[in-house]
Protein chains: 2
Amino acid sequence: MRIENPSPIHWQFSERARALQSSAIREILKVTMRPEIISFAGGLPSPETFPVERMRAAWDAVLTREGKVALQYGPSDGYAPLREWIAGQLSGPGVAILPEQVLMLSGSQQGLDLLGKVLVDEGSRVLVETPSYLGALQAFSVYRPEFASVPTDENGLLPSAIPALADNARLLYSLPNFQNPTGRSMTLERRVELVETCARIGLPLVEDDPYGALSYRKEPLPRMLSMNPGGVVYLGSFSKVLTPGIRLGYLVAPEPLVAKLEQAKQATDLHTSQVTQMVVHEVVKDGFLERHIPTIRELYAHQCQVMLDALAENFPQGVSWTRPDGGMIIWVTLPEHIDTMELLPLAVEQEQVAFVPGAPFYANEPARNTMRLSFVTVPPEKIREGVKRLADLIKARM
Amino acid sequence: MRIENPSPIHWQFSERARALQSSAIREILKVTMRPEIISFAGGLPSPETFPVERMRAAWDAVLTREGKVALQYGPSDGYAPLREWIAGQLSGPGVAILPEQVLMLSGSQQGLDLLGKVLVDEGSRVLVETPSYLGALQAFSVYRPEFASVPTDENGLLPSAIPALADNARLLYSLPNFQNPTGRSMTLERRVELVETCARIGLPLVEDDPYGALSYRKEPLPRMLSMNPGGVVYLGSFSKVLTPGIRLGYLVAPEPLVAKLEQAKQATDLHTSQVTQMVVHEVVKDGFLERHIPTIRELYAHQCQVMLDALAENFPQGVSWTRPDGGMIIWVTLPEHIDTMELLPLAVEQEQVAFVPGAPFYANEPARNTMRLSFVTVPPEKIREGVKRLADLIKARM
């Protein structure tokens with residue numbers, strides 16, 4: 001039934017698609033799946049923290065009790081009881097988040113795509129941190145903005161630099177807690193200053209917060225959402241506090257933005273898995289996360305300290321790194337003449353250790369002497385061994 | 001901690017977002033959830049067909065056996081064993097579909113968004129059937145094409161009309177089996193002619209096939225994919241043969257298109273739920289669908305016949321309708337002076353019966369005297385009663 005001699009198609013990609021590249025991180029991950037490699041390249045949470053049995057029991061309960069509802073099409077904005085639960089978690093003294101402001105997502109990455117779709121025109125400006133989350137740069141880049149990199153210091157974004165960059169800007173994208181890729185956090189003063197600056201110039205502020213709950217030592221700082229709910233879009237995720245493979249996140253936005261985002265969501269994938277939302281509601285509704293999250297914090301805090309100690313012991317003078325108070329990653333800055341993109345193949349082939357080069361995290365001029373190290377999926381003795389191998393390689397290049 | 005007197009944000013939506021409207025169907029569905037309404041407006045499959053217990057057992061098995069893998073991040077292209085299974089299903093004598101050509105999706109609607117993203121530039125042309133699936137028009141419209149409506153007759157698309165419309169066209173979107181919204185199918189001759197025409201002029205042909213397995217009386221006709229695998233993008237779904245609430249679909253495309261679509265998928269939502277894919281693989285791997293699908297066909301064929309009989313018995317001269325060989329819907333054409341958009345509020349308020357007006361399914365000039373009726377979620381006695389009420393209303397307007 002095949003037709004004869006069809007002419008081969010010349011696939012003409014859209015202009016936006018020509019800008020798309022496969023993620024450098026994902027390509028590297030493919031290599032570093034080999035078991036002999038000690039990989040600090042992953043951004044994956046530790047599977048030791050997954051509450052598998054509790055999730056299994058929740059699927060069992062939901063399907064036994066409400067199987068036909070769970071498996072039917074659902075509303076585009078999401079499963080109402082879960083939206084209510086989220087709104088309750090984000091509300092507090094002086095801050096009332098309504099369930100109607102919550103849009104459920106197939107992972108918080110989807111929120112970045114929808115925000116790009118709804119707010120970004122070709123050539124309009126998107127402000128990002130220097131450096132910023134690679135997945136956000138990719139999601140926004142499809143909508144062909146001009147990226148403006150806002151300068152940062154050890155306390156995060158410098159708000160005073162924003163007004164000069166905000167001409168025709170549609171949003172500022174920030175990751176205030178244990179930022180990916182730097183592990184850095186914004187101070188409270190800096191947050192207030194950022195929220196005030198954005199409010200003053202009418203610039204929508206996106207607060208991406210996948211790691212906020214993973215604070216090692218103290219209560220997380222207040223959400224910027226709570227400082228100005230009318231001007232902040234908040235992105236949350238169950239990936240780092242529950243499990244990522246279910247693909248469940250959410251965003252909180254003021255009307256009328258959330259209504260427009262819901263329309264875009266509908267056109268994109270109709271709605272997020274109904275059964276997944278019901279299962280997560282079943283898992284979290286009775287305060288499970290309050291008991292569960294401290295166990296994740298404890299594991300990650302320990303492994304972070306092991307890596308910080310190993311770095312101090314092995315890395316030479318002239319190399320510096322961040323000291324995160326939470327989250328999953330450390331950012332290392334080498335002497336300026338070392339390009340970590342060139343270092344990576346040597347690290348993998350000669351030393352069997354992997355990391356993520358820092359350059360792809362920059363929207364504009366990259367600092368090529370940087371790298372991101374994740375410590376959460378590597379056991380302590382391998383963290384020590386991997387850091388030693390990396391140090392040997394770096395010393396040889398200095 | 002709230003900042004004082006923030007100026008309210010003026011949300012500036014992107015040009016593409018201003019084109020987005022909430023789906024007319026979804027807005028109507030909200031009204032027709034009231035239990036006293038007999039609704040032919042849904043596009044939902046019947047929950048009676050959901051294999052709830054089998055799905056429950058599959059989740060149990062997957063989480064017990066491989067919980068930590070199922071709940072971890074997975075590859076952007078999808079769960080390899082399920083991609084292999086799908087490739088096997090679509091391969092046959094003379095047609096070898098490779099697993100590498102299969103991209104797993106969060107519902108086949110997502111395939112439409114990704115195809116728009118990757119192939120459509122503003123002002124380029126997208127060819128669609130007259131009328132066409134509303135969700136496809138919405139997904140593509142975000143990328144701002146010029147839609148060209150290809151004329152149709154009772155056997156589907158008229159391929160001879162295509163070349164004159166194909167200037168700067170990026171794809172032709174077709175739904176050959178039990179089309180949404182008409183219930184109509186393309187004949188074998190028409191399919192061959194369509195595939196040959198598209199191949200001759202180098203136009204990518206999208207074959208959307210959510211209903212293909214739901215053929216009442218005979219084996220489904222050959223897939224257009226099998227006639228020219230190098231020029232056809234095939235969209236498949238588990239929504240109509242298993243359950244929709246899990247949001248799982250897939251596309252099959254030739255290299256290099258599938259690689260570009262995978263990059264777009266990665267930027268959009270990283271990947272589709274790993275656990276959902278493993279569960280569906282667990283459910284289908286041993287031939288379950290071969291036993292299950294005939295039970296869906298039998299139910300739908302019966303209810304379709306009940307509606308066809310009721311239409312013949314009650315609807316007046318001057319009204320015509322399609323007689324589907326499968327799927328979930330019937331398309332009704334009223335006398336030209338009756339606008340079904342105006343009829344709908346009367347139907348709901350006076351007669352407590354609902355349908356979907358046909359106009360939103362047209363990319364260009366709508367035929368306002370059309371309506372879509374779904375019969376799959378309404379029990380036979382209510383189908384008869386609802387058709388009678390609709391007939392009374394139509395007669396009163398004639």
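Two strands are said to pair if DSSP finds at least two bridges between them. The exercises below apply to a predicted model.

**Exercise 1.** Determine which strands pair with strand 12 of chain B, and in which sense.

*Solution.* Step 1: strand 15 (residues 370-374) of chain B is joined to strand 12 of chain B by five bridges, and the two run antiparallel. Within this pairing, B:Trp331 stands opposite B:Arg372. Step 2: strand 11 (residues 320-321) of chain B also pairs with strand 12 of chain B in the antiparallel sense, over two bridges. Here B:Trp321 is the residue opposite B:Val332. Step 3: four of the five residues of strand 12 (residues 329-333) of chain B are buried, so this strand is largely enclosed by the rest of the structure.

**Exercise 2.** Describe the position of A:Ile338 and decide whether A:Ile338 is buried or exposed.

*Solution.* Step 1: A:Ile338 lies in the loop that connects strand 12 (329-333) and helix 12 (340-351) of chain A. Step 2: the relative accessible area of A:Ile338 is 2%. Because buried means under 20%, A:Ile338 is buried. Step 3: beyond its neighbours within four places in sequence, A:Ile338 is in contact with several residues, among them A:Leu343, A:Asn369 and A:Met398. Step 4: A:Asn369 is 31 residues from A:Ile338 in sequence, yet their C-alpha atoms are 5.3 Å apart in space.

**Exercise 3.** State how chain A is superposed on chain B.

*Solution.* Step 1: a rotation of 180 degrees, with 0.0 Å of shift along its axis, superposes chain A on chain B with an RMSD of 0.0 Å. Step 2: the two copies are therefore related as by a two-fold rotation axis. Step 3: the same surface serves both copies, as 100% of the contact residues of chain A recur in chain B.

Key. Residues numbered from 1 in each chain as written. Chains lettered and ligands numbered in written order. Predicted model: local features only at pLDDT ≥ 70, side-chain atom pairs only at ≥ 80, totals over all residues. Heavy atoms only, no water. Buried < 20%, exposed > 50% of the residue type's maximum accessible area, 1.4 Å probe, protein only. Contact = heavy atoms within 4.5 Å. Least-squares fit on C-alpha atoms with pLDDT ≥ 70 in both.
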